[in-house]
Amino acid sequence: MKRNRFVFLLLAGFVFLLCGCREEAPAPTPPATVAIPTEPSVSTIPTQPIAPIQTVILREVEDALRIDYTLMAISPDAPFTDLSGNPAEDISINTAGTDALLAFLKSQQAKEIIETFGMEEYSSNLYYVNQDAASESKIPPATEKTGTIRLSAPRALCDSGLMAQLLEVFEETYGYTVELKADETFLILSGARHGNADLVITSTKAMEEQFESEGFARFSGQFAARRVPFAHSYYVLCGPAGDPAGTAHCGSIRDAFAAIAEGGHTFISRGDGFTLHAREAGLWPADLGITTDLSSAEPHSQWYISAGMGSGPCLVMAEETGGYVLTDKLTYLVYYCNNGILQTGEIPSFLQG
């Protein structure tokens with residue numbers, strides 16, 4: 001009995017001290033919102049009364065963090081295969097409908113939707129359009145033969161709501177029905193090799209080039225390339241407001257990652273082998289040997305944590321540990337505007353892991 005009382009008193013004291021520490025911790029002042037229609041040089045975070053979230057965006061707009069989204073129309077003459085690797089027969093590609101959708105996604109109307117997406121809800125740009133000329137192709141209305149188009153696109157574009165907003169306008173204006181499938185780039189291209197899409201949007205250059213070289217992409221409309229630039233966004237490096245590694249003042253994101261490693265500061269990795277994890281692995285100094293192979297990070301386990309979860313849970317872990325994390329900007333904005341709470345059913349599925 002005495003031993004149980006001692007354990008109880010010890011735990012009670014620990015809870016008291018923990019609560020006391022939390023009450024004394026000063027809440028950081030979030031950066032002021034700066035609504036800039038073009039790419040900002042500093043991060044822009046919406047200002048509103050929130051809980052004292054310690055994790056902030058430290059680095060955002062730079063080339064090494066850029067995510068380029070590319071449109072590719074599927075060729076009806078591509079070497080399609082079935083799931084066993086044998087030549088597939090009776091693959092039908094809706095080229096006319098695809099040309100109409102591709103022309104719309106590159107139109108001035110679509111560009112305006114992309115440029116303003118997220119501003120009303122988050123007071124911050126989520127996507128940026130490329131500065132090439134808008135498509136001037138006339139978009140024909142749907143017919144019985146061309147009316148259904150199969151589109152595969154990255155989860156981030158779909159779950160953010162951008163594709164839904166674009167496709168709603170396209171369908172209501174021209175009468176088409178777009179069957180949208182969200183997936184990771186390598187799964188999108190794998191499915192297209194089996195004839196499961198008429199048009200794809202992807203975000204990994206090396207995979208796109210391989211796909212094109214195999215004869216799966218075709219020229220479409222007025223576009224001079226098989227790989228047509230669509231839009232771009234950026235990953236963001238988030239971490240404690242005090243930024244103990246000094247990442248915000250480094251010359252580049254690679255220098256920032258080197259500073260995190262040199263100081264042994266906690267870093268939360270998705271550790272799932274997907275696109276974001278691959279980008280993160282490529283930013284560490286080469287002599288650390290960190291790759292998407294989980295065993296490669298074991299020598300750095302004192303500060304490098306492979307979570308094996310989605311971006312939302314990784315942000316929560318970063319907040320709890322005072323660590324750094326590379327994530328999607330939308331993930332952070334949802335996290336911030338929800339006062340640091342990510343609950344199933346309240347946020348896009350791709351944030352939950």
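Reader: How many cavities of 30 Å³ or more does a search of the whole structure find?

Author: The model is predicted, and the search of the whole structure finds 2 cavities of 30 Å³ or more. The largest cavity holds about 100 Å³ of space.

Reader: What makes a residue part of a cavity lining, and which residues lie nearest the centre of the largest cavity?

Author: A lining residue has an atom within 4 Å of a cavity point. The largest cavity is lined by 12 residues, and Tyr127, Ser233, Asp328, Lys329 and Leu330 lie nearest its centre. Two or more lining residues come from each of S2, S8 and helix H12 (329–337). The element that gives the most is S8, with 3 residues.

Reader: Why is Thr70 called buried, and where is its place?

Author: The cut-off for buried is under 20% relative accessible area. Thr70 has 7% relative accessibility and therefore counts as buried. Its place is in strand S2 (residues 66–74). With neighbours within four places in sequence left aside, Thr70 is in contact with Val200, Ile201, Thr202, Glu208, Arg227, Val228 and Phe230.

Reader: How do you know whether Thr146 is buried or exposed?

Author: Its relative accessible area is 13%. Buried means under 20%, so Thr146 is buried. Thr146 is found in the loop between strand S3 (128–129) and strand S4 (148–154). Its side chain is joined to that of Thr143 by a polar contact of 3.0 Å. Neighbours within four places in sequence apart, Thr146 is in contact with Asn94, Ala96, Gly97 and Tyr176. Thr146 and Gly97 are 49 residues apart in sequence, while their C-alpha atoms are 5.0 Å apart in space.

Reader: How many aromatic pairs does the search find, and why is the pair of Phe211 and Phe216 called stacked?

Author: The search of the whole structure finds 19 aromatic pairs. The ring centres of Phe211 and Phe216 are 5.0 Å apart, and the planes stand at 20 degrees. Phe211 and Phe216 are both buried.

Reader: What makes the pair of Phe257 and Phe267 tilted?

Author: The centres are 5.4 Å apart and the planes at 55 degrees. Planes under 30 degrees apart count as stacked and over 60 as edge-to-face, so 55 degrees falls to the remaining class, tilted. Phe257 lies in helix H9 (residues 253–263) and Phe267 in strand S9 (residues 267–269), so the pair ties together parts 10 residues apart in sequence. Phe257 is buried at 0% relative accessibility, and Phe267 is buried with a relative accessible area of 0%. Together with Trp284, Trp303 and Tyr304, Phe257 and Phe267 form one aromatic cluster.

Reader: Which residues touch the most other members of the largest nonpolar core?

Author: Among the 79 residues of this core, these are Leu166, Phe170, Phe230 and Phe267. Strand S8 (residues 228–240) gives the most to the core, with 7 residues. Leu166 touches Phe104, Leu105, Ala110, Ile113, Ile114 and Phe230, residues up to four places away in sequence not being counted. Another core, of 13 residues, lies apart from the largest one and includes Ala78, Leu189, Ala197 and Phe216.

Methods. Residues are numbered from 1 along each chain as its sequence is written. This is a predicted model: local features need pLDDT of at least 70, side-chain atom pairs count only at pLDDT 80 or more; totals for chains, interfaces and linings use all residues. Side-chain values use heavy atoms; hydrogens and water are left out. Rings of Phe, Tyr and Trp (its six-membered ring) pair if their centres lie within 6.5 Å; planes under 30 degrees apart count as stacked, over 60 as edge-to-face and the rest as tilted. Buried means under 20% relative accessible area, exposed over 50%, partly exposed in between (1.4 Å probe, protein chains only). Helices (H or I, at least four residues) and strands (E, at least two) are DSSP runs, numbered from the N terminus. A nonpolar core is a set of buried Ala, Val, Leu, Ile, Met, Phe, Trp, Tyr and Cys residues joined through side-chain atoms within 4.5 Å. Contact means heavy atoms within 4.5 Å. A polar contact is a pair of N or O atoms within 3.5 Å; within protein, one must be able to donate a hydrogen and the other to accept it, and residues adjacent in sequence count only if both atoms are side-chain atoms. On a 1 Å grid over the protein atoms alone, a cavity is a set of points where a 1.4 Å probe fits but cannot get out, and a pocket is an open set with protein on both sides within 12 Å along at least five of seven lines; lining residues have an atom within 4 Å of a point. Grid points are joined across faces, edges and corners, and a volume is the space filled by probe spheres set on the points.
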